[in-house]
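User: I'd like to learn how to read a structure like this one, feature by feature. Could you walk me through it?

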Amino acid sequence: MTLETPLHGRHVALGARLVDFGGWDMPLHYGSQLEEHHRVRRDAGMFDVSHMRAVDVAGPAALPFLRRLLANDVARLRETGKALYSCMLNERGGVLDDLIVYFRGPDRYRLVVNAGTATKDLAWIRAAAAAEDLTIVERIDVAMIAVQGPNARERAAGLWEGPERAAALSLEPFYATEWGGDDGAFVARTGYTGEDGFEIMLPAAAAGPTWDRLVAAGVAPCGLGARDTLRLEAGMNLYGNDMDESTTPLEAGLAWTVALDGPREFTGRAALEAQRAAGLPRKLVGLLLEDRGVLRAHQKVYAGAAGEGETTSGTYSPTLERSIALARVPAATGAAVEVDIRGKRLAARVVRPPFVRHGKAVIAS
Amino acid sequence: MSHNLPADLRYTKSHEWVRQNPDGTVTIGITDHAQHALGDIVFAETPEVGRELAAGDACAVVESVKAASDVYAPVAGRVVAGNGALGDAPEKINTDPYGDGWLWQLAPADAAALGGLLDAGGYEKVLAESAE
């Protein structure tokens, strides 16, 4: 059965090209993926991300539970509203999912997990929580709209008035504010594009009217196609492409999200420490194609004497007007590699992502 | 959705068009329907000049932001030209699929082979059937 978000009717009415994404019927684009990409880099665009799953974790055991569950340390969240990006690992250190956890107040947290992994995640979380004094609630009643771009906050601010508007506009990056309980709104200054903006969670019934008001405010509807090129330019991993249960965060460019300082026990820690002690065999790097062509996922990468690797995500970068990729390569890989595209070996430069940040190229071409 | 289908061209089920040139060569591209379905085209690779193609050979590639798609030789023959202008401006395939967006030219092995291709009406029928 194909799932539909509360905004599905809007997408159809706007003439979106719809595709299956993790079981959800989602907009790929509304006419031109390139234009949508540029709108987000230059102005403001929005994405229906209601297929992602909010999970509320509450109770006296919430903090110790999340500190065991996640590779990043939730104890770092001391201020109400602060957000933390983390991987959730299995015992082998493999990435079950990547997620954002928000600190909503004492003993109250919200996780936002990927759509395609939500069912698996919930089973894992509930099993891990079995004997704990916790409530875990899947918020399938919540819709999510990501408004992104240099003008996104200004355009979105018209949705609110008075103290709510002030609270939203005064958010620092990676903080959230909320009001009105389950009938209100949860607004976070987060995103997946490398641009400023908000991710707005709200009751499903409010999603359509909010979407319409954002359209009226000049925010361009954007599909998952542009979301993918934007996140790849921003050097952000996509779960299932750039990491999965067979890779550790250390092999996925996510060592910065793993808190190994202190004695905290968390699932996967022993495997990560063993891997680090033995030396990492592989690393995730950015590639900039020197030749003409388009890098795609699962192309073979030749790193000379260091060995071979594989691209994990690849696309044409609308901002750089070049092709870019993320690739998992041998740890000893140098500054230049070749990529097999349809039997031809094309030259690519090894770079450190992000490729683009806040509308500007950060990789010299 | 209706698409532009010039009556003087021949077509294939795999969405290529073929134009008969006065010098006996043919020019090949992808149809308006195909470019629309692919979306924003960012790269095109055409067959090397001199290459001998059999009908149905996957010999060119058109890449949109999202994916790569093969383009097939509608008839057998020798490649006599590729559209080098697409290197800097692959979007011409979107904006002018039957003109500046052409892909390559071929000297057909058998001029009569064009007769086996679809005319505009036949291709329109293919599109209508695939839309059902």
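Analyst: Gladly! Let's begin with contacts: two residues are in contact if their C-beta atoms, placed from the backbone, lie within 7 Å. Keep in mind that this is a predicted model.

User: With that in hand, how many residues of chain B are in contact with chain A?

Analyst: On chain B there are 10, and they meet 13 residues of chain A. On the chain B side, strands β4 (41-45) and β6 (58-64) each supply at least two of the touching residues. Sorted by class, that side of chain B holds 5 nonpolar, 3 charged and 2 polar residues.

User: And how is interface size usually expressed?

Analyst: It is often given as the accessible area lost when the parts come together. Here we stay with the residue counts, 10 from chain B and 13 from chain A.

User: Let's turn to chain B itself. What is its pattern along the sequence?

Analyst: Chain B has 9 strands and 3 helices. Reading along the sequence, you find β-β-β-α-β-β-β-β-β-α-β-α.

User: How does the radius of gyration of chain B agree with that of a compact globule?

Analyst: A compact globule of 132 residues would have a radius of gyration near 14 Å, and chain B agrees because its value is 14 Å. Along the principal axes, the C-alpha atoms of chain B fill a box of roughly 35 × 35 × 25 Å. Then look at sequence separation: among contacts in chain B between residues at least 6 apart, 63% join residues at least 24 apart.

User: Is helix α3 of chain B largely in the open or largely buried?

Analyst: A residue counts as buried if 20 or more other C-beta atoms lie within 10 Å of its own. Of the 12 residues of α3(B), 1 is buried, so the helix lies largely in the open. Helix α3 (residues 120-131) of chain B reaches 16 Å from its first C-alpha to its last, close to the expected 16 Å.

User: Now chain A. In what order do the strands of its open sheet lie?

Analyst: The order is β5-β6-β7-β4-β8 in chain A, with antiparallel pairing. β5 (83-89) and β8 (135-138) of chain A are the edge strands, each pairing on one side only. Neighbouring strands of this sheet are turned by 25 degrees against each other on average, direction ignored.

User: What packs on that sheet?

Analyst: Helix α4 (residues 118-128) of chain A does, touching β4, β5, β6, β7 and β8 of chain A. The direction of α4(A) makes about 70 degrees with that of β6(A).

User: Which strand is joined to β4 of chain A by 6 bridges?

Analyst: That is β7 (residues 108-113) of chain A, which runs antiparallel to β4 (residues 53-58) of chain A.

Key
Residues are numbered from 1 along each chain as its sequence is written. Chains are lettered from A and ligands numbered from 1 in the order in which they are written. This is a predicted model: local features need pLDDT of at least 70, side-chain atom pairs count only at pLDDT 80 or more; totals for chains, interfaces and linings use all residues. Helices (H or I, at least four residues) and strands (E, at least two) are DSSP runs, numbered from the N terminus. The expected span of a helix is 1.5 Å times one less than its number of residues. Two strands pair if DSSP finds at least two bridges between them. Axes are lines fitted to C-alpha atoms, for helices over the stretch in contact, and angles run from 0 to 180 degrees between N-to-C directions. Ala, Val, Leu, Ile, Met, Phe, Trp, Tyr, Cys and Pro count as nonpolar, Asp, Glu, Lys and Arg as charged, and the others, Gly among them, as polar. The radius of gyration is taken over C-alpha atoms; the globule rule is 2.2 Å times the number of residues to the power 0.38.
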